[in-house]
Amino acid sequence: VLTEPLEFSPIYHAVYFRLDSTNKAENNFKYVYKITVGSVTRKINVRPEPINGYGVIDIQNHLKDFLIEDIFDITDVDFQDAPKAEYVVKIDESYIDGGGNPVLNVDEHIFTEKIAYNTRFSRNELFGDLSAYEISTATPGKLLVNIKPLTTVFQDDLFFIHFIGTLLVAFKPARLQIYELNSSGGLLATTLITGDLDTNSQLVTMDLGLITFNALTKFIQFRLINLDSNPITESIRLRIEERECSTYSEVKLIYLDAKGSYNSLNFDGAKSRKVNVKSKAFRQFIDPLTDNELSRGIQKYFIDSTEIITINTFMTEDNHNIMFEDLIKSPRVFMDLRNNTEFDNMDFAPIEILERRFNPMETVNAQIPQYEIDIRFAFEEVNRL
């Protein structure tokens, strides 16, 4: 084994295996990679590279086939499984020996179980120490949330924080610890969210709307701790404010970020709606003996309508730019409808972002950081035929 992925590796980057074999000079030699996810096994024959005879494969695309985003539950109030692909790779060797007989060396090497987790790193992060993201009680790991420290969030924001565990020892995330801090960093209050699962890759819900904040709270700081109250992850500190009152209809979007967490962004400025309708028509037969002046000669059918909603932010800050970039790129976005009287039977609705371009604004360039985007509900409307 020359190269193999880490025990945990991000699924949206190359997942390389590179092998060598003492049999690589045999006639019609092939490395046979067997990738097993659950009860499904795929076999891929890889011929040796021309010069060195190595067997190289990137199994990223195979693993992505097994990443099921729909297991995410936006109504979960504590810990839940995060989307991931748990897999085992075994190697066979296939060739023709000197006597012309086919040879298959089965399970010449079996790799330990590995996990590809739902994260896309920047280039700088990818070539850093990825093992630092694994949670352990000895060395606090990193949380997989794409937000800058000291970014301003609001007291009704909702987050699902992504993290990964370890395969070497039994791992049970105990609690999410949220500190309330005053302007000097002094501790005012602590909120604990207890976990209920035993797994190695999870999302933990941080619903700030469930916390009654101290009037002096200016920052929150959160991390995971074990049953002995020892930290098992880094701490992340954010600024926190009350959400500004708005004369417009407030919109909160919750989106999947690049690292697999779900973050909140608020659009509390002006909102407008536009409905586009596509239809066809046909001429109905008019019977002069039975029809009258109310008979319809032209009939529409197959009506397809789309409601486009344009939403605007208030003034934002430079730290929010990476969040808006993730929002535009995100394949999974929800609108928070819990306080929306127009939707009595829905708490969250799937949303499609219609923007295809994002131009970050920075205060250092004397720009006003305010954004407008178009969205629509990501489900079909029921129309009359």
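## Around Leu253

Beyond the neighbours within four places in sequence, Leu253 is in contact (heavy atoms within 4.5 Å) with Asn263, Ser264, Leu265, Phe267, Ile311, Leu327, Val333, Phe334, Met335, Ile353, Ile373 and Ile375.

This is a predicted model, where local features need pLDDT of at least 70 and side-chain atom pairs pLDDT 80 or more, while totals for chains, interfaces and linings use all residues. Residues are numbered from 1 along each chain as its sequence is written, and side-chain values use heavy atoms, without hydrogens and water.

Leu253 and Leu327 have the most contacts inside the largest nonpolar core, a group of 46 residues. Such a core is a set of buried Ala, Val, Leu, Ile, Met, Phe, Trp, Tyr and Cys residues joined through side-chain atoms within 4.5 Å; buried means under 20% relative accessible area (1.4 Å probe, protein chains only). Helix 3, residues 321-329, gives the most to this core, with 4 residues. A separate second core has 22 residues, including Ile11, Leu19, Phe29 and Ile44.

## The whole chain

There are 3 helices and 23 strands in the chain; these are DSSP runs, numbered from the N terminus (helices H or I, at least four residues; strands E, at least two). Of the 385 residues, 44% count as buried. Among contacts with a separation of 6 or more, 67% come from residues 24 or more positions apart.

Along its principal axes, the C-alpha trace spans about 90 × 80 × 45 Å.

Definitions and conventions:
Buried means under 20% relative accessible area, exposed over 50%, partly exposed in between (1.4 Å probe, protein chains only).
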